[in-house]
Structure formats: structure tokens, C-alpha cells
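Subject: Structure handover

Hi,

Here is the structure for you to take over. My notes follow below it.

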Amino acid sequence: MISLKNISKKYSKQTVLDITALDIPEGQTFGLVGNNGAGKTTLFSCLLDLIKPTTGRVINNGVDVMESEGWKSFTAAFLDDTFLIGYLMPEEYFYFIGELRGLKKKEVDEFVNQFEDFFHGEILGGKKYLRDLSKGNQKKAGVVAALLGEPKVVILDEPFANLDPSTQIRLKQILKDLSKNKKTTILVSSHDIQDVTEVCERIVLLEKGKIIKDINTSPETLKELEAYFKA
Amino acid sequence: MFYTFLKLQWKSFVRGESIGAEIMTKIFKWFWIVYFIFIIPALGFLTYEVLKESFEIEDPFLFINKQLIYAFVYLIVMRYFVQSIPVVSVKTLLLTPILKTQIVRNALGKSVFSFFNLIVFLYLIPLTFVLISKEYDASQLIGWNLGIISIVYITNYLNFILNNNNKILYSIGGILVSIKILEYYSIFDFTVYSQTFFYSFYTNPIYSVLPWIFLVWLYFYVFKYFKNGLYIDTGLKKKTDEAKMEDFSWLDRFGKTAVFLKNDLRLIKRSKRARSTVYAGVFCLFYGFLFYSQEDLFSSYDYLFASMAFFGYLFTSGGFLFMFGSFVPSWDSQYYSLMMCQNIEYKQYIKSKWTLVVIGTIISTFLACFIYSFLGTEAIFAVLAGGLYNIGVNGYLTLWAGAYTKTPVDLDSSKMAFGGTKAINMKTVLISLPQMVLPIALFAIGNYFYSFSIGCLIVGATGVLGILLKEPVFNLIIKAYKSEKYSTLKAYKQN
């Protein structure tokens with residue numbers, strides 16, 4: 001379980017994040033929506049100890065992320081292209097991440113090969129370094145790497161952006177399959193409310209760093225969100 | 001228009017993440033520029049006298065003409081590595097209502113005033129005055145100057161075509177080496193012909209028209225070449241290499257650090273920037289030769305000189321450490337957030353970097369021992385002591401300073417690889433002082449009161465002590481890294 005307590009982030013006088021309490025139970029598929037500047041990436045960065053919050057604490061499965069590095073062993077993330085190593089080939093990148101999570105080369109191969117469809121023949125066996133791949137293909141590699149080694153918590157920032165329609169559909173299926181086992185906590189942010197409502201059990205709407213809505217997804221959720229964003 | 005541009009420049013400077021470091025870098029850069037503005041004309045003034053008096057060359061001007069071919073090849077190589085071609089900045093101009101010919105003319109025109117061309121003038125003008133005062137014919141010298149200048153600009157525009165074409169560069173290098181070898185074994189002296197060629201600009205100034213004709217032709221050739229290349233899928237396309245898998249599984253014996261070592265090896269092989277830095281480190285291996293001319297240095301009682309020579313040896317084994325190591329962790333700046341989220345503790349990450357630097361230093365020490373072995377046992381002592389100190393003390397200090405180095409490294413450009421634009425701020429300067437000053441002081445004390453070998457022994461022992469203190473030192477370094485983590489991440493995002 002992930003819980004945030006009194007998390008806030010201020011830059012000089014501007015508050016970009018201000019959450020009194022947020023608990024995400026184990027196995028939940030959690031969606032974060034909001035306009036630009038709502039604080040989605042800041043929130044994820046705080047969860048990963050990439051940004052130091054001005055106040056508050058983040059507890060990830062019993063580990064205070066600012067105190068200990070223990071959360072790193074069961075948490076994986078793909079936020080942006082700073083999570084890619086440009087001079088590696090996709091395979092080498094997977095082996096690298098796999099090795100850090102204690103996987104053997106063969107296990108990595110087996111895992112990655114499941115995603116043949118998702119890769120659409122553009123990732124594996126190519127003759128390109130990650131830096132030379134298109135943005136969409138880079139994202140595919142990054143997302144799959146984040147799923148390596150059965151992490152308990154997976155954090156993906158805007159995973160659907162930059163992907164072509166077929167890949168988007170496949171990625172949604174991958175995330176749904178993953179959430180079925182009820183062991184993996186998945187945190188996803190998106191600009192596309194339709195994508196999130198399709199994948200996530202629970203959706204939190206941020207505005208200027210504050211939680212505006214906290215909804216358990218139902219058939220009406222999409223309308224509710226649309227109404228909010230129209231206003 | 002110009003004012004807007006200036007304003008933008010100013011803003012990007014003032015609003016930069018590390019303005020302090022930036023100011024230091026700017027000061028550093030201007031220091032070098034001023035240095036060259038003084039030293040190059042001085043060279044121009046002195047060349048004639050030095051050649052005549054110290055080297056007893058009968059006609060220094062003839063000698064200069066003989067050596068010119070090497071100067072030009074050197075110029076081409078330097079341009080290739082350092083002078084950047086303004087291609088990237090062109091991209092944004094493509095959709096503005098500026099004519100394509102105007103864009104190309106601008107790019108080519110700007111290079112007329114590049115540093116490499118200006119220093120030639122700084123050298124030629126005083127040289128010419130000296131030559132006139134030595135009763136060479138002034139009007140003929142003007143012709144010679146024109147000829148030389150045109151060739152300088154030919155190399156300038158040649159660089160535009162050469163850029164990113166390793167094959168041509170290597171063939172030029174190969175030709176040069178073979179010319180030198182043939183000359184050395186006096187099989188065939190090419191410079192006799194090149195000398196006649198360059199000297200003919202002086203004897204028959206009218207000949208200097210020929211290279212000018214070639215220059216004009218080359219300019220238009222490059223102009224066309226560039227204009228045709230102004231598409232994002234041809235000339236403006238980023239060069240991509242064909243990727244090849246590399247396993248490096250033989251490194252697995254290093255345990256968990258091997259994971260990172262493998263990546264660092266790939267980094268060195270695949271990133272232009274990292275590669276040139278390592279080359280620079282290899283270059284340092286030969287630093288000790290600076291003191292080679294004073295062969296009986298160590299038997300002499302000149303303590304200051306002995307200390308300087310020791311500094312030279314210290315540097316030979318530390319080339320990789322100083323060149324590559326001082327950019328740790330900036331090498332990982334492009335994916336630092338990934339590193340901070342992976343299932344690896346900070347300590348292991350830093351340790352792997354330390355291992356890499358130590359391996360590099362051991363190899364350098366070994367090679368340096370080999371290279372300097374002919375200078376006697378004392379030289380080997382000095383190299384070994386320097387190597388131990390580099391491993392036991394300087395390795396830590398470099399990593400520690402790295403915690404405060406917050407300038408991202410652009411792995412895909414070769415820019416700055418040769419320059420002294422290491423990210424400088426007060427903390428890194430303070431930390432790196434003991435890297436040089438302390439071992440030399442230790443050596444000097446030992447050398448002064450006892451002997452050369454005792455001096456080496458003291459430095460070496462300090463290094464061993466440092467190696468023994470590894471664990472507590474690491475804990476201190478990691479503390480620094482942890483407290484700097486967030487601001488480092490933020491600074492790297494500016495990439």
C-alpha cells in the first residue's frame with residue numbers, strides 16, 4: 001500500500017502540490033488525471049524520491065521513501081525519456097534493468113518476448129540504439145522495461161501519449177491483464193480521460209495540486225469527468 | 001533583430017541553473033582567448049630569431065615553408081575535432097521567411113571569423129613584419145601571405161565536407177604518417193616539394209592567385225552541397241550508427257558492479273563525447289615526456305625540478321581519472337532519474353564508478369611503467385607512487401567533487417571534449433586542490449629531507465592508507481551525494 005501524508009510542494013510562493021492524505025491499496029489500478037500543471041508528474045516524482053516534497057511523507061509498502069532506499073527493490077517506473085539509456089540497444093537496456101532486478105538473461109528474453117505484438121517488430125532484433133528510435137518506440141521499450149521482474153508497484157507517466165492507436169489498445173490490454181492478479185499496484189497518469197477510465201479502477205482528479213475528485217470507476221465516470229473538463 | 005537575439009542570450013545565461021559555474025566557465029574561456037591573443041603574436045615575433053639562434057637554421061623562412069604542410073594538416077585535424085559546423089541551429093530557420101541561400105551564406109560566412117582563422121592572422125602579421133625587417137621583399141611577402149591565407153580558408157571549407165566523414169580524416173592522417181616515416185628514413189622527402197610549392201608564393205607572388213581560384217570554387221561547391229542538404233532527411237539528419245550488441249559477460253566476475261561497468265564500456269565505445277575524453281586521457285600517458293629532456297634530472301639536487309617531474313609522473317597514471325572521472329556522475333546525466341529509481345543502492349552505484357576509475361588508473365599505471373621504464377628505476381618508483389595515490393586518494397576526491405558537479409553532459413556531441421570547460425564551482429575547485437598540491441608537497445618533503453625514493457614512498461604510503469580507509473570514506477561520499485541528489489536531478493533536467 002502506498003500512502004501520502006500531508007504532501008505539499010512549494011516553489012517560492014507557488015504551491016504545485018498539496019495533498020492532505022491519499023491511500024492507494026495494494027493491487028489497485030490507480031489513474032491520475034488533470035490538465036497541464038495539475039501536479040501529476042510532481043506527485044509521481046515525489047513517490048519516487050526524485051523531488052523532495054516541502055512537507056509530508058510518502059510511505060511505499062511500509063518504507064518511507066525519503067528515509068530508506070528499500071522501496072527501490074519492488075517499485076518500477078517510466079516517467080519520461082530520462083528513464084532511457086540512449087546509447088544502449090533495446091535488448092541491452094532490458095538486460096540491464098533485468099540484471100538490476102535479479103533476472104537472468106534467459107528470463108528477460110522470455111518476459112520480453114511476450115510483448116512481440118506490442119513491439120510490432122520495431123524494437124527487438126533491430127540495429128538501432130534507443131537514442132535513434134522514434135518517440136513512440138522509445139516509450140514502448142521504457143514501459144516494458146518498467147514491467148520487468150514483477151514489481152509490486154508500477155508507475156507510468158502518460159504511457160498512452162505518443163503511441164499509435166493499435167499500440168494504445170494493446171497497452172491498455174497489457175495493463176488490464178496485469179491488474180487482474182490483484183498483486184500489482186499500477187499508477188497511471190494521462191491527459192486522455194477515456195484511456196484512464198477504461199484501464200483504472202479508481203481515478204483521482206488533480207487541479208493545481210489539489211485533489212478535486214476521487215472516483216471509483218463506473219460507467220458514469222467518463223461523463224462526470226467530461227463535464228468537469230468542459231467547464 | 002540583433003537586440004532581440006542579444007536579449008535571449010542574456011536571459012538564457014542569467015536564468016541558467018548554475019550561474020556561478022557558468023560565470024567561472026566564461027572567465028576560463030576568456031582567459032584562454034586572451035592568453036592566445038598574447039602568445040600567438042609573440043610566437044610570430046620570435047619564430048625567426050629562435051630558429052636562427054637556437055636551432056642555427058640558415059634561412060628560417062625557407063624552413064617555415066618546409067614545415068607548413070604539417071601545420072596545415074594539424075589545422076585540418078584540429079578543425080575536425082573542435083570547430084563545430086552550425087547545422088543544428090539551421091533547422092529552426094527553415095520555416096522562417098529567410099531565403100535558403102541566405103541561411104547557407106550566413107553559416108558559411110560566420111566561419112570566416114572562426115577562432116582558427118583569426119589566430120592565423122595573429123601569427124602571420126608579426127611574422128611578416130619581422131621578415132621585412134630582415135630584408136625580405138615586402139611586396140613578395142604580401143603575395144606569400146595571400147597564398148597562405150587562401151589555403152587556411154581552403155581548410156576551413158574543407159572541414160564542412162569532412163565533418164562526420166571519418167574515412168577521409170583517417171586517410172589524411174594515414175598519408176601524413178607515411179610522409180613523416182618516409183622523410184624520417186630519408187627514403188623520400190615530400191616536404192622538399194611542398195616547400196617549393198609554398199615558397200613559390202614568395203618567389204612568384206602571382207602564383208598565389210591559383211589557390212584563391214580553388215578557394216572560390218570550393219566555396220561554391222560547399223555552398224551547393226549545403227543548400228541541397230537543407231532537408232531534414234538528408235543534410236540535417238542526425239547521423240546514426242548501425243547498432244551492434246555487445247555482451248561483455250567476461251566482466252560478470254565483478255559482481256553487481258559489473259552491471260554498471262558494462263554500461264560504462266558501452267558508453268565509451270558509443271558516445272562521441274566519452275570517446276574523445278578517453279583519448280584525451282590516453283594522451284596524458286605521455287605527459288611525463290615533458291621532463292624527458294632533463295634526463296639527469298633526478299641525480300641533480302634541484303628540488304623544485306624534481307617535484308615538477310614528479311607531478312608529471314603523477315599525471316601520467318591519472319589521465320583517465322582526471323579526464324573521465326571528473327565527469328562522474330555527469331556521464332549519466334541524461335538518465336539520472338532512471339538510476340535513482342532502480343533496484344540498486346547509491347553506494348553500489350558510486351562503488352561501480354570508483355571501480356571503473358580504479359581499473360582505468362591501474363591500466364594507465366601499468367602502461368606508464370612500461371613507457372618510462374627506460375628512464376630508470378626512479379621513474380618507475382615515481383609512476384607507481386603516483387598510481388597508488390591516484391587510486392587511494394584522488395579516486396575518492398574526484399568522486400566526491402562529482403557530487404557537486406551539476407553540468408549535464410551531452411553524450412552525442414563532441415563539443416567541449418578538448419576544452420577546459422569542466423563544470424567548475426568553488427566546491428569542486430576546493431576538493432580538487434589536494435589532488436595535485438598534497439602529493440607534490442608530500443613528495444617534496446621526503447625528497448628534501450631524505451631522498452627521491454623516500455619521497456615516492458611517502459606518497460605511495462598515503463595512497464595505500466587511502467585504499468585501507470575505503471569504507472568510511474565511501475560513507476562520507478555517499479552522504480554528499482544523497483544530500484545533493486535533488487538539486488542534481490533538477491540541474492540535469494536542464495539538458
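How far apart do the C-alpha centres of domain 1 of chain A and domain 2 of chain A lie? The answer is 23 Å. Bear in mind that this is a predicted model.

**Domains of chain A**

Chain A splits into two parts: domain 1 covers 1–74 + 154–231, and domain 2 covers 77–151. Where they touch, domain 1 of chain A contributes 16 residues and domain 2 of chain A contributes 15 residues. On the domain 1 side, α1 (40–47), β7 (153–157) and α6 (165–180) of chain A supply at least two residues each. By type, the residues on that side of domain 1 of chain A are 10 nonpolar, 3 polar and 3 charged.

**The sheet**

Chain A has an open sheet of 6 strands. Its order is β6-β7-β8-β3-β9-β10, and the pairing is mixed. From one strand to the next, the twist averages 15°.

Strand β9 (residues 202–207) of chain A pairs with β10(A) over 6 bridges, in the antiparallel sense. Val204(A) has Asp214(A), in β10(A), as its bridge partner. Helix α8 (residues 221–230) of chain A lies across β3 (29–33), β9 and β10 of chain A. The angle between α8 and β9(A) is about 5°.

**Chain A against chain B**

Between the chains, the contact takes 28 residues from chain A and 26 residues from chain B. Which helix gives the most to the chain A side? That is α2 (residues 90–100) of chain A, with 5 residues. The chain A side divides into 14 nonpolar, 3 polar and 11 charged residues.

**One residue in chain B**

Glu484(B) belongs to helix α18 (residues 470–492) of chain B. Why does Glu484(B) count as partly exposed? Because Glu484(B) has 17 C-beta neighbours inside 10 Å, and the partly exposed class falls between 12 or fewer for exposed and 20 or more for buried. Leaving out residues up to four places away in sequence, Glu484(B) touches Ala403(B) and Tyr404(B). Thr405(B) is 79 residues from Glu484(B) in sequence, with the two 9.7 Å apart in space, C-alpha to C-alpha.

Over to you.

Best wishes

Methods
Residues numbered from 1 in each chain as written. Chains lettered and ligands numbered in written order. Predicted model: local features only at pLDDT ≥ 70, side-chain atom pairs only at ≥ 80, totals over all residues. Domains from an automatic or database assignment. Contact = placed C-beta atoms within 7 Å. Helix = DSSP H or I, 4+ residues; strand = E, 2+ residues; numbered from the N terminus. Nonpolar A, V, L, I, M, F, W, Y, C, P; charged D, E, K, R; others polar. Pairing = 2+ DSSP bridges. Axes fitted to C-alpha atoms, helices over the stretch in contact; angles between N-to-C directions.
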